[in-house]
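I opened my notebook to record what I looked up here, entry by entry. Follow along with the structure in view.

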Amino acid sequence: MTISSPSFRCELRRDNGSAAVIVDGELEEISAVQLAAVCLQARDVAGDVVLDLAGLSFADGTGIKMIETIHRSFERSGHRLTVVHPSRRVRADIARLGLDRVLSIDDMVAGDNCFF
């Protein structure tokens, strides 16, 4: 499944029971809702999910808070959402909002070897 808008693309990839949601573009209010829909579908299909932010060029506060909301939804259902490949800018925004203590973020950043 792929959901896209002019400045945002979100794709669910599955491989041997694992699922990854690959994000590309700008994450803001409208695209955050699209991201939530794909992540929740991935959780329903595979359980634990990797959220790959390597292609995310921008995220506003609404978009980053939606990642937190998605993460909490996963926790409540007994599953894990792992964020990988955030750019330094996105990672700094996550930290600025204090969400680096809440989200499961892999130490890799964009440009490192692929996680999924």
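**Glycine 25 and its strands**

I began at glycine 25, which stands opposite leucine 56 in strand 4. A reminder to myself: this is a predicted model.

Then I looked at the other partner. Glycine 25, in strand 3, is also the bridge partner of phenylalanine 8.

For strand 2 and strand 3, I noted antiparallel pairing over eight bridges. The two form a hairpin with two residues between them. In that turn I found asparagine 16 with a positive phi of about 50°.

Strand 3 and strand 4 run parallel, and eight bridges join them. I then traced the path between these two: strand 3, helix 1 and strand 4 make a right-handed β-α-β unit.

How much of strand 3 is buried? I noted seven of its ten residues as buried, so the strand is largely enclosed by the rest of the structure.

**The core**

Next I looked up the largest nonpolar core, which has 29 residues. Val21, Val23, Leu27, Leu35, Leu51, Leu53 and Ile67 are the ones with the most contacts inside this core. I listed the elements that each supply at least two residues: strand 2 (8-15), strand 3 (18-27), helix 1 (29-46), strand 4 (49-59), helix 2 (61-76), strand 5 (81-84) and helix 3 (88-96). Which of them gives the most? Helix 1 does, with six residues.

Leaving aside neighbours within four places in sequence, I found valine 21 in contact with Cys10, Glu11, Leu12, Leu35, Val38, Cys39, Ala42, Val49, Val50, Leu51 and Asp52.

The structure holds zero of them. For cysteine 10, the nearest cysteine sulfur is that of cysteine 39, 5.9 Å away.

**Histidine 85**

I moved on to the loop between strand 5 and helix 3, where histidine 85 is found. Its relative accessible area is 3%, so I wrote it down as buried. What does its side chain meet? The side chain of histidine 85 makes a polar contact with the side chain of aspartate 52, at 3.0 Å.

**Leucine 103**

My last stop was leucine 103, in the loop between helix 3 and strand 6 (104-105). With a relative accessible area of 7%, leucine 103 is buried.

Which residues does leucine 103 touch? Not counting residues up to four places away in sequence, I found Ile67, Glu68, His71 and Ile94. Ile67 had already come up among the core residues with the most contacts. I also noted the C-alpha atoms of leucine 103 and isoleucine 70: they are separated by 9.9 Å, with the residues 33 apart along the chain.

Conventions
Residues are numbered from 1 along each chain as its sequence is written. This is a predicted model: local features need pLDDT of at least 70, side-chain atom pairs count only at pLDDT 80 or more; totals for chains, interfaces and linings use all residues. Side-chain values use heavy atoms; hydrogens and water are left out. A nonpolar core is a set of buried Ala, Val, Leu, Ile, Met, Phe, Trp, Tyr and Cys residues joined through side-chain atoms within 4.5 Å. Buried means under 20% relative accessible area, exposed over 50%, partly exposed in between (1.4 Å probe, protein chains only). Helices (H or I, at least four residues) and strands (E, at least two) are DSSP runs, numbered from the N terminus. Contact means heavy atoms within 4.5 Å. Two strands pair if DSSP finds at least two bridges between them. A crossover is right-handed if, with the strands pointing away from the viewer, the path from the first strand over the helix to the second runs clockwise. A disulfide is a pair of cysteine sulfur atoms within 2.5 Å. A polar contact is a pair of N or O atoms within 3.5 Å; within protein, one must be able to donate a hydrogen and the other to accept it, and residues adjacent in sequence count only if both atoms are side-chain atoms.
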